[in-house]
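User: I'm new to this one, so please walk me through it. Here's what I'm looking at.

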Amino acid sequence: MYSLGQIAALVAAGAFLLLVGALIVPILRLRHTVDAATRAINDLNDRTAPLLGNANATIENVNVALTQVHTSLDGVNIQLAKIDTMTGHAQNVTANVANLATVVSAAAANPLVKVAAFGYGVRKAAAARRNAEEDREVRATLKQQRRAAKRGEGH
């Protein structure tokens, strides 16, 4: 009949068959889990790809805007440098005008004061002379009136 080796092989085959049967259910469940994970990853990939594309487009737009801002700031800096130069020139002109005004004021002040004082003196002298002449005329008139009054009393 059967030899001992054949029986042992049949027992081993049966044990292996039982082992495979016991492992089939967890392996099939594991396969379903792996399939679900694969579907989830594929679904996530399908949803993420457009988002990443939109993010890349947004980043490119931001980079373009930043480049434009940088260009604008360069232009502003150039204009500010020009304004600094003009301000420096205006400051020099203002300092020169102030110095010139000081020189003109100093040069004109003494002669103007002298001319003003001379004019005042001439006016005072002319007024005094007019007053003296008027006083003489008034005195002469009064003397003549007294003389006439004295002559008129004696007659």
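**Chat about the structure**

User: How exposed is Asp35?
Analyst: Asp35 has a relative accessible area of 31%, so it counts as partly exposed. Buried means under 20% relative accessible area, exposed means over 50%, and partly exposed is in between, with a 1.4 Å probe and protein chains only. Keep in mind that this is a predicted model, where local features need pLDDT of at least 70 and side-chain atom pairs count only at pLDDT 80 or more, while totals for chains, interfaces and linings use all residues. Residues are numbered from 1 along each chain as its sequence is written, and side-chain values use heavy atoms, with hydrogens and water left out.

User: Which residue does Asp35 form a salt bridge with?
Analyst: That's Arg31, and the closest N and O atoms are 3.9 Å apart. The term means a side-chain nitrogen of Lys or Arg within 4 Å of a carboxyl oxygen of Asp or Glu. Arg31 is partly exposed too, at 46% relative accessible area.

User: Why about one helical turn between Asp35 and Arg31?
Analyst: Because they sit four residues apart in helix α1, that's about one helical turn. Helices here are DSSP runs of H or I with at least four residues, strands are runs of E with at least two, and both are numbered from the N terminus. As for the pairing itself, side chains of opposite charge can pair when their charged atoms come close.

User: How many salt bridges does a search of the whole structure find?
Analyst: Three. One of them joins Asp43 and Arg47, with 3.1 Å between the closest N and O atoms. Those two are also four residues apart in helix α1. Asp43 is partly exposed at 35%, while Arg47 is exposed at 57%. Glu133 and Arg129 meet in a salt bridge as well, at 3.8 Å from N to O, and they too lie four residues apart in helix α1. Arg129 is exposed at 59%.

User: OK, new topic. How many helices and strands are in the secondary structure?
Analyst: The protein chain comes to one helix and zero strands. That helix, α1, covers residues 4-154.

User: What box do the C-alpha atoms fill?
Analyst: Roughly 210 × 35 × 25 Å along the principal axes. The radius of gyration is 63 Å, while a compact globule of 155 residues would have one near 15 Å. That radius is taken over C-alpha atoms, and the globule rule is 2.2 Å times the number of residues to the power 0.38. Val76 and Lys124 are 48 residues apart along the chain, and their C-alpha atoms are separated by 67 Å.

User: What share of the residues is buried?
Analyst: Buried residues make up 0% of the 155.

User: Which residues make the nonpolar surface patch?
Analyst: Phe16, Leu19, Val20, Leu23, Ile24, Val25, Ile27 and Leu28 make a patch of about 700 Å². Patches take residues with over 30% relative accessible area and no salt bridge, joining like charges within 9 Å and nonpolar side chains (Val, Leu, Ile, Met, Phe, Trp, Tyr) within 5 Å. Areas come from the Shrake-Rupley method with a 1.4 Å probe, and for residues only the protein chains shown count as cover. Ile27 is exposed, at 53%.

User: And which residues gather in the patch of positive charge?
Analyst: Arg136, Arg139, Lys143, Arg146, Arg147, Lys150 and Arg151. Lys and Arg count as positive and Asp and Glu as negative, leaving out His and the chain ends. Each charge is placed at NZ of Lys, CZ of Arg, CG of Asp or CD of Glu. Arg151 is exposed, at 56% relative accessibility.
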